[in-house]
Amino acid sequence: MMKFWIIAILIYIISTFILAKYTLKSNRKETGERIWRFGNGRSTYWRILTLCSFGITVVIMFILHLVGIPIL
């Protein structure tokens, strides 16, 4: 079970890092500096990014399970 959580956490961290690297600047420009600075734009961005990273992690873990790679 420990191997499952280590793999899941690593996939989550890597997917969050990659998504943030490619979307942070464009989202900051799109929402505007004033909205971004006062928290509304920033909290919404990180909430959506977290949910997307979680979804990507679930999909990758499901694919690994279907392929037959023993995770547990």
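Biologist: Where is Leu10 found?

Modeller: Leu10 sits in helix α1, which covers residues 2-31. Keep in mind that this is a predicted model.

Biologist: Is Leu10 buried, partly exposed or exposed?

Modeller: Leu10 has a relative accessible area of 47%. Buried means under 20% and exposed means over 50%, so a residue in between is called partly exposed. That makes Leu10 partly exposed.

Biologist: Which residues form a nonpolar patch on the surface?

Modeller: Leu10 is one of them, along with Met2, Ile6, Ile14, Phe17, Ile18 and Tyr22. Together they have about 800 Å² of accessible area.

Biologist: OK, what about Ile7? Which helix is that in?

Modeller: Ile7 is in helix α1. Its relative accessibility is 27%, so Ile7 counts as partly exposed.

Biologist: And what does Ile7 touch, leaving out residues up to four places away in sequence?

Modeller: Met61 and Ile71.

Biologist: Switching topic: which residues line the largest pocket?

Modeller: The lining is made of Phe4, Trp5, Ala8, Ile9, Tyr12, Phe54, Thr57, Val58 and Met61.

Biologist: Which element gives the most to the lining?

Modeller: That would be α1, with five residues.

Biologist: How much space lies in the largest pocket?

Modeller: About 160 Å³. As for how one finds such a space, rolling a probe the size of a water molecule over the atoms shows where empty space is left.

Biologist: Let's pick Tyr12 from that lining. Where is the place of Tyr12, and what is it in contact with beyond four places in sequence?

Modeller: Tyr12 is in helix α1. Leaving aside its neighbours within four places in sequence, Tyr12 is in contact with Thr50, Ser53, Phe54 and Thr57. Its relative accessible area is 28%, so Tyr12 is partly exposed.

Biologist: How many residues apart are Tyr12 and Gly55 in sequence?

Modeller: They are 43 residues apart in sequence, and 9.1 Å apart in space, C-alpha to C-alpha.

Biologist: What about Thr16, buried or exposed?

Modeller: Thr16 has a relative accessible area of 19%, so Thr16 is buried. The buried class is under 20%. Thr16 lies in helix α1.

Biologist: What does Thr16 touch, not counting residues up to four places away?

Modeller: Leu49 and Ser53.

Biologist: Last topic, charges. How many salt bridges does the structure hold?

Modeller: One. Glu33 forms a salt bridge with Arg28, and their closest N and O atoms are 3.0 Å apart.

Biologist: Why can side chains like that pair?

Modeller: Side chains of opposite charge can pair when their charged atoms come close.

Biologist: Are Glu33 and Arg28 buried, partly exposed or exposed?

Modeller: Glu33 is at 40% relative accessibility, so Glu33 counts as partly exposed. Arg28 is at 37%, so Arg28 counts as partly exposed.

Key:
Residues numbered from 1 in each chain as written. Predicted model: local features only at pLDDT ≥ 70, side-chain atom pairs only at ≥ 80, totals over all residues. Heavy atoms only, no water. Patch = residues over 30% accessible without salt bridge, like charges linked within 9 Å, V, L, I, M, F, W, Y side chains within 5 Å. Areas by Shrake-Rupley, 256 points an atom, 1.4 Å probe, with all protein chains shown as cover. Salt bridge = Lys/Arg side-chain N within 4 Å of Asp/Glu carboxyl O. Helix = DSSP H or I, 4+ residues; strand = E, 2+ residues; numbered from the N terminus. Buried < 20%, exposed > 50% of the residue type's maximum accessible area, 1.4 Å probe, protein only. Contact = heavy atoms within 4.5 Å. 1 Å grid on protein atoms, 1.4 Å probe; cavity = no way out; pocket = protein on both sides within 12 Å on 5 of 7 lines; lining within 4 Å. Points joined across faces, edges and corners; volume = space filled by probe spheres on them.
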